[in-house]
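Subject: Structure handover

Hello,

Here is the structure we talked about. Please open it first, then read the notes below.

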Amino acid sequence: MEELLASRVRNLNVSGIRKIFNRAASIKDSINLSIGQPDFDVPDPVKEAAIRAIRDGFNRYTMTGGITELQEGIRRQVIDRCGVEPEHLFVTSGVSGGLLLAFMSLVDEGDEVLIPDPFFIVYKVLVEQFGGVPVFYNTYPDFRIREEELESKVTDRTRIIVVNSPQNPTGGCYSEDELKTVAAVASRHRLLVLSDEIYERFTYEGAASSMLRHHPDTVMLSGFTKSMGMPGWRIGYAAGPRAVVEKMETLQQFTFVCAPSPFQKACAETLDVDLDPIIESYRKKRDLVYEGLKDRYRMVKPEGAFYFFIEVPWEGKTGTEFVEAAIKRKLLLVPGGAFSTRDTHFRLSFAASDETLERGIEALNSMAVEGK
Ligand code: PMP
């Protein structure tokens with residue numbers, strides 16, 4: 001049957017993160033710090049709103065771009081956070097839905113897309129699926145954007161710069177100056193910026209700025225899957241220049257049709273739910289892990305999201321080798337190679353209970369002491 005597959009998917013493999021996810025299922029009482037989703041559940045008022053919507057029969061298709069109340073609520077949030085009114089926005093099926101529609105709308109065969117290294121794997125996979133060429137700009141060792149590095153990767157085939165802040169897998173948050181640097185390079189070469197801001201609510205050193213504020217030719221993607229503890233509900237949005245974002249919406253008509261109706265309704269009714277206590281508890285988790293590991297591991301303290309990207313402490317060993325050794329201690333992490341052109345780090349997600357984090361810290365410290 002394999003010969004019937006399109007060539008573009010023939011070499012497509014299960015992601016490195018999923019592989020760990022699948023293995024977790026077979027390990028009893030594992031210490032799972034591999035998961036990229038919140039450990040808290042949807043706030044009660046939001047759940048109630050969704051149940052009410054389903055009971056009230058709000059189960060049909062909505063308009064392609066989502067219900068008006070939700071669009072308007074999101075518009076207010078975006079203006080508030082980004083300081084500009086986007087020309088156009090619509091509701092997507094999670095940020096993943098937005099990413100698919102964006103790359104599908106923007107990438108032609110041979111187009112080059114600049115992606116930060118390390119990166120969220122979906123960018124690379126989707127660019128390749130549409131015949132584009134992912135070109136990585138290096139942000140190691142501190143995961144910052146440097147103008148010279150970014151500029152050196154631009155060619156006459158470059159179309160898009162991808163930025164992701166707060167970032168998966170590093171927890172890094174770009175400063176206003178870094179965003180201005182991206183805007184300067186993009187303007188100089190007339191490039192579009194695709195800005196994945198899904199972790200915007202998870203910041204621990206002041207609010208995260210938006211690329212939209214600095215570069216009008218930005219398609220900004222964000223959503224509620226992480227911030228409201230609803231990864232399974234699939235509600236996100238795309239905002240930016242009309243010409244691009246409207247075309248993405250048209251493509252949605254022929255693909256996702258619309259984001260799930262009752263969940264749109266629930267989000268529209270509860271957009272102002274107070275998430276501060278959750279963010280505060282995540283700041284504490286970050287500090288717990290940082291304090292617990294900083295004497296034995298080299299890492300950059302994350303300013304956002306819920307990840308640490310930590311250097312493998314064993315001389316000459318890869319992230320994959322380190323993660324294999326961790327699995328023997330029931331500790332689940334993701335090798336850096338799943339997010340990068342190099343395999344020198346591992347990702348630790350602190351979206352876990354404090355008890356799990358304590359067990360993880362203990363296991364990691366004994367690994368650092370005992371060595372390979
Ligand atoms: N972007 C980044 C950087 C992510 O980490 C994730 C989820 N892991 C997504 C997008 C996808 O989010 P969603 O669940 O809204 O599709």
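By class, the shell around the ligand has five nonpolar, five polar and three charged residues. Here Ala, Val, Leu, Ile, Met, Phe, Trp, Tyr, Cys and Pro count as nonpolar, Asp, Glu, Lys and Arg as charged, and the others, Gly among them, as polar.

Before the details, some ground rules. This is a predicted model: local features need pLDDT of at least 70, side-chain atom pairs count only at pLDDT 80 or more, and totals for chains, interfaces and linings use all residues. Residues are numbered from 1 along each chain as its sequence is written, and side-chain values use heavy atoms, with hydrogens and water left out.

Ligand site

The ligand is surrounded by 13 residues, each with a heavy atom within 4 Å of it. Val95, Ser96, Asp196, Tyr199 and Arg234 are the closest. Helix H5 gives the most to this shell, with three residues. Helices (H or I, at least four residues) and strands (E, at least two) are DSSP runs, numbered from the N terminus.

A polar side-chain atom of Ser96 sits 2.5 Å from a ligand oxygen. A backbone N or O atom of Val95 lies 2.8 Å from an oxygen of the ligand. For Thr225, a side-chain N or O atom is 2.8 Å from a ligand oxygen. Taken alone, the ligand exposes 400 Å², and the protein buries 91% of that (Shrake-Rupley areas, 1.4 Å probe).

Helix packing

H5 (residues 94–106) packs on H6 (residues 121–129) at an angle of about 35 degrees, and their axes are 10 Å apart. Axes are lines fitted to C-alpha atoms over the stretch in contact, and angles run from 0 to 180 degrees between N-to-C directions. Leu99, Leu100 and Phe103 in H5 meet Val122, Tyr123, Leu126 and Val127 in H6, with contact meaning heavy atoms within 4.5 Å. That contact has seven nonpolar, no polar and no charged residues.

Backbone points to check

Most residues other than glycine have a negative phi, and most peptide bonds are trans. The bond from Tyr140 to Pro141 is cis, with omega near 0 degrees. Pro141 lies in the loop between strand E4 (133–138) and helix H7 (147–152). The bond from Ser165 to Pro166 is also cis, with omega near -10 degrees. Arg234 has a positive phi, near 60 degrees.

Best wishes

How values were computed. A polar contact is a pair of N or O atoms within 3.5 Å; within protein, one must be able to donate a hydrogen and the other to accept it, and residues adjacent in sequence count only if both atoms are side-chain atoms.
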